[in-house]
Amino acid sequence: MAQKKAVLKSKDTHRRYADEFTEEAVQMVLDGHTAPSVVERLGLPYVNMLYRWKQGREDHFVTAQDFNTERIRFLNFRVVWLQILVFNFKYGRT
């Protein structure tokens with residue numbers, strides 16, 4: 001569990017947090033903790049920061065459902081394509 005803030009220094013005025021710290025914070029929310037409780041526990045300045053980290057994480061990962069949907073579309077296309085090939089072969093069309 002993330003107990004300490006891992007703040008990285010940068011040239012600009014915004015705080016930078018270590019990737020491991022942000023991943024642990026997001027994982028706490030995904031595990032069922034409320035965002036305000038995670039923010040308080042970890043000492044983050046804003047709840048919205050945690051929501052942005054969570055959204056950024058979701059943007060980088062393809063869900064299994066998305067993958068399966070695309071796979072089904074691809075397989076359906078292959079079935080139709082093979083049916084067309086069989087039809088053309090059967091009736092001598094090329």
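In this predicted model, Phe87 has a relative accessible area of 38% and therefore counts as partly exposed, since that label covers values between the cut-offs of 20% and 50%. Trp81, which lies in helix H4 (residues 64-90), is likewise described as partly exposed, because its relative accessibility is 43%. Together with Phe77, Leu82 and Leu85, Trp81 forms a nonpolar patch on the surface, and these four residues have about 410 Å² of accessible area together.

From the surface we can turn to the interior. In soluble globular proteins, nonpolar side chains tend to be buried together. Here the largest nonpolar core has 15 residues, and the members that touch the most others are Phe21, Val38, Leu42, Leu44, Leu50 and Trp53. At least two residues of this core come from each of helix H1 (19-30), helix H2 (35-42) and helix H3 (47-60), with H1 giving the largest share, namely five residues.

A pair of aromatic rings is described by the distance of the centres and the angle of the planes. Four aromatic pairs are found in the whole structure. Tyr17 and Trp53 are both buried, whereas Phe87, the partly exposed residue of the opening, forms a tilted pair with Tyr91, at 4.8 Å centre to centre and 50° between the planes. Finally, ring pairs join Tyr17, Trp53 and Phe21 into a cluster.

Methods: Residues numbered from 1 in each chain as written. Predicted model: local features only at pLDDT ≥ 70, side-chain atom pairs only at ≥ 80, totals over all residues. Heavy atoms only, no water. Core = buried A, V, L, I, M, F, W, Y, C linked by side-chain atoms within 4.5 Å. Buried < 20%, exposed > 50% of the residue type's maximum accessible area, 1.4 Å probe, protein only. Helix = DSSP H or I, 4+ residues; strand = E, 2+ residues; numbered from the N terminus. Patch = residues over 30% accessible without salt bridge, like charges linked within 9 Å, V, L, I, M, F, W, Y side chains within 5 Å. Areas by Shrake-Rupley, 256 points an atom, 1.4 Å probe, with all protein chains shown as cover. Salt bridge = Lys/Arg side-chain N within 4 Å of Asp/Glu carboxyl O. Phe/Tyr/Trp six-rings, centres within 6.5 Å; stacked < 30°, edge-to-face > 60°.
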